[in-house]
Amino acid sequence: MEILIVDDKEENVYLLEALLKGNGYRTVSVRNGKEALQSLQKLKPDLIISDILMPVMDGFTLCRELKKNKNFSKIPFIFYTATYTSLKDEEFAFNLGADKFILKPQDPDVFMKIIEKVLEEVKKKKIQPNMPAKLSEEVVLKEYNSALIRKLEDKMAEAEETEKKLRIINAKLQREIEERKFAEEALKESEMKYRSLVTQSPDGIFIIDRKGNFLSANRTMCKALGFDEQEFLKMNIWDVVPETYKKRFEKRLERIINRKSLNEAFEYQVNGKDGSVHFVEVLSVPYYKDDKLIGFQGIARDITERKLAEEKIALLAHSVKSITECISITDDKDKIIFVNEALLKTYGYSEKELIGKDISVLRPKNSVEQEELKNILTETINGGWKGELINIKKDGSEFPIYLSTSAIRGDNDEFIALIGVANDITEMKQASEEIIYAKELAEKSDRLKTDFLRQMSHEIRTPVSVIVSFIRILKDEFNNLTRNELSEILNSIASSSNRIIRTIELILNMSEMQIGTYHPTWGYIDLVKDVLQNLNYEFSQSAKSKNLELNFKLQLKDAKIRGDQYSINQIFINLLDNAVKYTKKGKIDILVKEENKKIKVSIEDTGIGISDEFMGNIFEPFMQEERGYSRSFEGNGLGLALVKKYCDLNKIKINVESKKEIGSKFTLIFNHA
Ligand code: ADP
């Protein structure tokens with residue numbers, strides 16, 4: 001069965017078509033009465049369902065036209081309208097020949113039942129569809145007009161209502177449009193902000209895919225590495241990061257794929273286009289799209305300067321640690337906060353034993369510098385402190401140090417800690433003591449040299465001038481001199497000549513010993529027979545000339561020794577010479593005896609004696625208790641020094657005992673041969 005739908009509203013047509021087709025009817029739809037009339041040229045529908053108010057030709061006119069036409073008057077005609085206002089419309093419709101007047105909206109089931117009923121009735125009763133009432137044209141027109149006016153009024157009211165609704169909707173839409181516009185602008189602005197944030201960020205911002213290909217790189221990154229963004233987009237991170245980092249990158253990728261530790265910071269080395277080396281700290285997060293891992297979004301902070309500073313600090317720390325000076329750092333309460341290897345080694349402590357302890361642990365408890373120590377911290381805060389101190393090691397041994405301190409200050413110049421650099425100056429001190437000693441020695445030897453020259457010139461000049469003046473007397477007065485006078489003069493010449501010879505002999509002997517050219521002749525010597533008896537005889541003459549007693553006391557039989565006869569002879573000559581020289585009255589005893597299986601020979605005089613102060617210098621060359629030209633004794637100060645050297649050569653022990661104004665006793669101890 002075919003139904004013709006006449007309605008200008010598309011949605012009505014759509015609904016009717018769906019409903020009718022769903023119930024097994026075929027449908028044809030047109031927009032107004034005129035189109036319906038035209039379509040009827042070709043169609044022969046079983047039913048027409050029409051709206052009333054439509055453009056071009058309304059439903060009433062269509063119904064009227066159809067019912068006038070023989071060919072179409074029998075087709076059942078149903079008005080389906082929402083513009084119903086009064087029963088008069090329905091009545092008018094029937095008068096025009098409509099079969100049914102259905103009001104919109106209608107329940108679909110009810111609607112279908114009405115349609116089926118109309119079709120069935122037409123079919124069953126085999127009756128003709130409703131025919132128009134026989135009304136005069138004037139009445140029809142009048143009713144038609146009033147029906148249309150009603151409808152139009154109704155439609156206008158409806159239109160007004162619709163317009164009102166439309167206005168509300170329009171205002172709502174307007175608001176929505178504005179809101180959307182505002183949201184779009186906000187989005188645009190936020191995107192701009194985000195873009196400028198990314199562009200102007202002082203950190204490098206980039207995106208890479210899973211293979212490391214760059215998907216974006218911000219301006220900072222381009223500038224730092226010297227590539228432009230287009231170049232970056234053709235590059236891979238392994239074009240700028242050394243491949244040694246590849247393993248780490250792959251591990252990280254694996255962790256991210258396994259959803260472990262999503263954001264971690266790593267340090268990488270990055271090479272710029274010009275080969276410059278940068279160190280960056282990269283914080284990267286995985287970049288997902290539709291839950292699929294695309295790659296990483298990363299922020300790279302240039303830490304080259306920090307890295308270099310860190311390296312510098314590490315180098316400094318290493319230097320401080322390994323420097324040979326002892327370094328300590330203490331806080332404002334003198335507590336140790338750092339010590340280096342050298343300090344631990346020097347003081348014998350472990351780091352654990354010192355950190356946190358008071359610095360006084362390194363100083364002796366009863367230090368004499370206590371007062372000074374108290375000032376170190378204050379003086380360091382005011383500039384620095386330098387000086388020598390005594391410190392103590394863990395084993396309790398004390399040693400000298402040279403300490404130099406300075407203040408470590410913070411950014412605001414506030415005192416943070418005290419750094420002390422100490423050197424163990426034990427060796428330096430010893431060396432300086434040795435230098436001082438050597439200097440004193442040099443000064444002394446210089447003094448001695450001057451004394452020696454003065455003494456020598458005196459020792460040679462005096463006898464020479466004696467000889468010269470006596471020879472002049474001999475020359476001038478020879479014939480007038482008595483025999484005694486002549487003998488006295490010749491004796492003086494002889495004694496003066498001996499004095500010169502003795503002096504020269506001593507100088508030569510001493511220099512031989514000093515430079516090591518003296519060659520001893522070792523042999524067995526009988527001290528008494530080979531040495532002392534001869535000397536006793538020789539010195540008895542000079543003792544006699546000074547009215548001194550010279551006693552030779554022999555208390556042992558065997559006085560045989562082994563030694564060098566010349567030097568041993570010289571030892572006794574010098575000792576006896578001094579004994580006679582420094583004794584004005586009294587006696588000189590030469591005693592030879594046996595004691596503790598040793599041979600002891602002592603030469604004791606009753607002379608001027610030697611003071612305790614001088615005793616220590618007695619064997620030093622050129623040392624004389626009484627000095628200068630006013631000296632009342634002859635001599636050059638070499639005798640006893642030579643005696644000592646000869647004793648050492650012959651392994652003879654020599655002792656001296658003496659008392660001022662009482663006398664002196666020189667004892668020689670020999671081993672038996
Ligand atoms: P000198 O040529 O001056 O005697 P020596 O070396 O022999 O030099 O003696 C050094 C000094 O020791 C003497 O100058 C003297 O002061 C003192 N001396 C040496 N022997 C005696 C002694 N027997 N009695 C007193 N003083 C002595």
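Predicted model: local features only at pLDDT ≥ 70, side-chain atom pairs only at ≥ 80, totals over all residues.
**Exercise 1. The ligand and its surroundings**

Solution: 
- Step 1. Turn to single residues. The shell holds 20 residues, and those that come nearest are Asn578, Tyr582, Gln624, Asn636 and Leu640.

**Exercise 2. Backbone atoms and the ligand**

Task: Find which residues place a polar backbone atom by an oxygen atom of the ligand, and state how much of the ligand is covered.

Solution: 
- Step 1. A polar contact requires a pair of N or O atoms within 3.5 Å.
- Step 2. For glutamate 625, a backbone N or O atom lies 3.3 Å from a ligand oxygen.
- Step 3. For glycine 637, the distance from a backbone N or O atom to an oxygen of the ligand is 3.1 Å.
- Step 4. For asparagine 636, a polar backbone atom is 2.9 Å from an oxygen atom of the ligand.
- Step 5. The ligand taken alone exposes 530 Å², and the protein buries 97% of that.

**Exercise 3. Alanine 559**

Task: Is alanine 559 buried or exposed, and what does it touch?

Solution: 
- Step 1. Locate the residue: alanine 559 is in the loop that runs between β17 (549-554) and β18 (560-564).
- Step 2. Apply the cut-off: buried means under 20% relative accessible area. Alanine 559 has 0% relative accessibility, so it counts as buried.
- Step 3. Set aside neighbours within four places in sequence; alanine 559 is then in contact with Ile525, Asp526, Leu527, Val528 and Ile599.

**Exercise 4. Backbone angles**

Task: Examine phi at asparagine 547 and asparagine 596, and the peptide bond between lysine 104 and proline 105.

Solution: 
- Step 1. Asparagine 547, in the loop between α16 (527-545) and β17, has a positive phi near 60°. Its relative accessibility is 70%, so asparagine 547 counts as exposed.
- Step 2. Asparagine 596, in the loop between β19 (587-595) and β20 (598-605), has a positive phi of about 50°. Asparagine 596 is exposed as well, at 67% relative accessible area.
- Step 3. Lysine 104 and proline 105 are joined by a cis peptide bond, with omega about -15°. Proline 105 belongs to the loop between β5 (100-103) and α5 (108-124).

Conventions:
Residues numbered from 1 in each chain as written. Heavy atoms only, no water. Helix = DSSP H or I, 4+ residues; strand = E, 2+ residues; numbered from the N terminus. Buried < 20%, exposed > 50% of the residue type's maximum accessible area, 1.4 Å probe, protein only. Contact = heavy atoms within 4.5 Å. Near = heavy atom within 4 Å. Polar contact = N/O pair within 3.5 Å; in protein donor to acceptor, adjacent residues only side chain to side chain. Areas by Shrake-Rupley, 256 points an atom, 1.4 Å probe, with all protein chains shown as cover.
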